[in-house]
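This report describes selected features of one protein chain.

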Amino acid sequence: MSAHLGISFFLLKEAVAGYIAQNVALRSPSVQSSQTNSPDPAAARAVDGNRDPAQASTCTATKSESGPWWMVDLQNEYKIEAIAITSWDFNQTTLDGVEIWLGISKLFNDSQNIRCAVISSFPKKRTLYVPCGGLKGRYVTVFLPGDSRGLSLCEVEVYPVQFEYPLPNVALKGIASQSSARHFPDASKAIDGSRDSFYHNGHCSHTALEETNPWWQVDLRRTFIITSVKVTNRGDCCAERLDGAEIRIGHTSENNGTDNPRCALITHIKAGKTFTFRCEGGSMAGRFVHIIIPGTRKTLTLCEVEVYGVPEG
C-alpha cells in the first residue's frame, strides 16, 4: 500500500452564509474486526454523533487482538479534508500508533487505499483532528497495528472539501478580553480588522507592563474547526516581547486557557509583520483562542489576531 501524509485546509466561500462543516460519516454503515463479549459496543456507536468519552454507551471497542480495525462506508466518494477521532479509556487501551486509511475499496489491504496519517501519541478521552489534504475515498479505516491491541473509539467524523475559496476570519465576530489593559488599547483592538502595527494609531491591544503570564483571549461564541491563526506583531518597537507566546485553542476559558491544547508556539515575528500559524497536527476544534506568554515581567501586545475556520457541525 502507498502512504501519504498531506496537510491542507477546509475551503469555504465567504459569501456562503451559515455554512456548517458536514460530517459525512454520521450514521453511515460501519463495521469492525470484532467486538467485546457484550453486544453493546457495536461499530455504529462511533458514528452516532455523540463524542462524549464519559458516556460508555456511545463508544465502541474491539476485543484484544492482532491488528484490530474499524471501518465506515461513506456511501459516496469524497475528497476528504480532515478526520476527527475521539478516544476512549476502555480497559486501559491506547490509540498510540493508530493509522487512518482512505480508499475506494472496502478491502483494507487493497493497493489503491492510501494512508492519511499515523498518530504516534493519542491522549485518552480526547478529540484529535487529522488533515487528509483532499485525498479521495469512500471507505475510512481506523487501524491499530500490533499484537494484543484493543481498538476503542467514541466517535469518528469525516469532513470533505466543500468549496474552493478562502476561509473567513471568524475572530471578527468574537468577543475579546485580556489579563489587563494599558491605557486605551483594550483587547478588542486585536480583532478590529486592521493590521496597522503602529501602536499609537490605536489598533493594537496591550496588557500592563511586566506582568506574570499575561494573556489575551477571543471567544468565538461557538465551536469552530480552526485551521490557522494569523498574528500581527507591533511594528514601531518591542517585537521581541511576543517571543515565546503560546497559541492555545479549546472549549474552556478556565485558567486563562492553559488547560486547552496548544496550537502553536510563537518563536519570533518581525516588527510589523503578520505570520500564519498552522496548528500542530492539523486542524483543531474550539470556541476559545488564547495567546499566552508564560513567565514573569512579560508584556503582551497584539496588533491583529485572525482565526480561520468553519463552524463545527
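## Disulfides, confidence and local features

Cys303 has a relative accessible area of 0% and is therefore buried. The structure discussed here is a predicted model. Cys303 is bonded to Cys204, the two sulfur atoms lying 2.1 Å apart. Cys204 belongs to the loop between strand E9 (175-178) and strand E10 (205-206), and Cys303 to the loop between strand E16 (301-302) and strand E17 (304-311), so the bond ties together parts that are 99 residues apart in sequence.

The count of disulfides comes to five. With bonded cysteines counted along the chain, their pattern is 1-4, 2-3, 5-10, 6-7, 8-9.

Cys116 and Cys132 form another of these links, with an S to S distance of 2.0 Å. The value about the S-S bond of Cys116 and Cys132 is -95°, and the link is left-handed. Cys116 lies in strand E6 (residues 114-119) and Cys132 in strand E7 (residues 127-143), so this pair joins parts that are 16 residues apart in sequence. Cys116 counts as buried at 1% relative accessibility, and Cys132 counts as buried at 0%.

Cys237 is joined to Cys238 by a disulfide with an S to S distance of 2.1 Å. The torsion about the S-S bond of Cys237 and Cys238 is about -65°, so this disulfide is left-handed. Cys238, at 19%, counts as buried, because burial is assigned under 20% relative accessible area.

| Disulfide | S to S distance | Torsion about the S-S bond |
|---|---|---|
| Cys116 and Cys132 | 2.0 Å | -95° |
| Cys237 and Cys238 | 2.1 Å | about -65° |

Confidence in the model is considered next. The mean pLDDT of the protein chain is 86, and 87% of its residues reach 70 or more. Over residues 1-19, however, the pLDDT is below 50. Beyond near neighbours in sequence, residues 1-19 have 67 contacts in the model. Where pLDDT is low, predicted coordinates should not be read in detail.

How many cavities of 30 Å³ or more does a search of the whole structure find? The search finds one. The largest cavity has a volume of about 40 Å³. Its lining consists of Ser87, Trp88, Thr93, Thr94, Leu95, Phe122, Pro123, Lys124 and Ser152. By class, the lining residues divide into four nonpolar, four polar and one charged.

Positive phi values in residues other than glycine complete the account. Arg221 has phi near 75°, a positive value in a residue other than glycine, and is placed in strand E11 (residues 215-232). Asn255 also has a positive phi, near 55°. The place of Asn255 is in the loop between strand E12 (245-250) and strand E13 (262-266).

Technical notes:
Residues numbered from 1 in each chain as written. Predicted model: local features only at pLDDT ≥ 70, side-chain atom pairs only at ≥ 80, totals over all residues. Heavy atoms only, no water. pLDDT = per-residue confidence, 0-100. Contact = heavy atoms within 4.5 Å. 1 Å grid on protein atoms, 1.4 Å probe; cavity = no way out; pocket = protein on both sides within 12 Å on 5 of 7 lines; lining within 4 Å. Points joined across faces, edges and corners; volume = space filled by probe spheres on them. Nonpolar A, V, L, I, M, F, W, Y, C, P; charged D, E, K, R; others polar. Helix = DSSP H or I, 4+ residues; strand = E, 2+ residues; numbered from the N terminus. Disulfide = S-S within 2.5 Å. Buried < 20%, exposed > 50% of the residue type's maximum accessible area, 1.4 Å probe, protein only.
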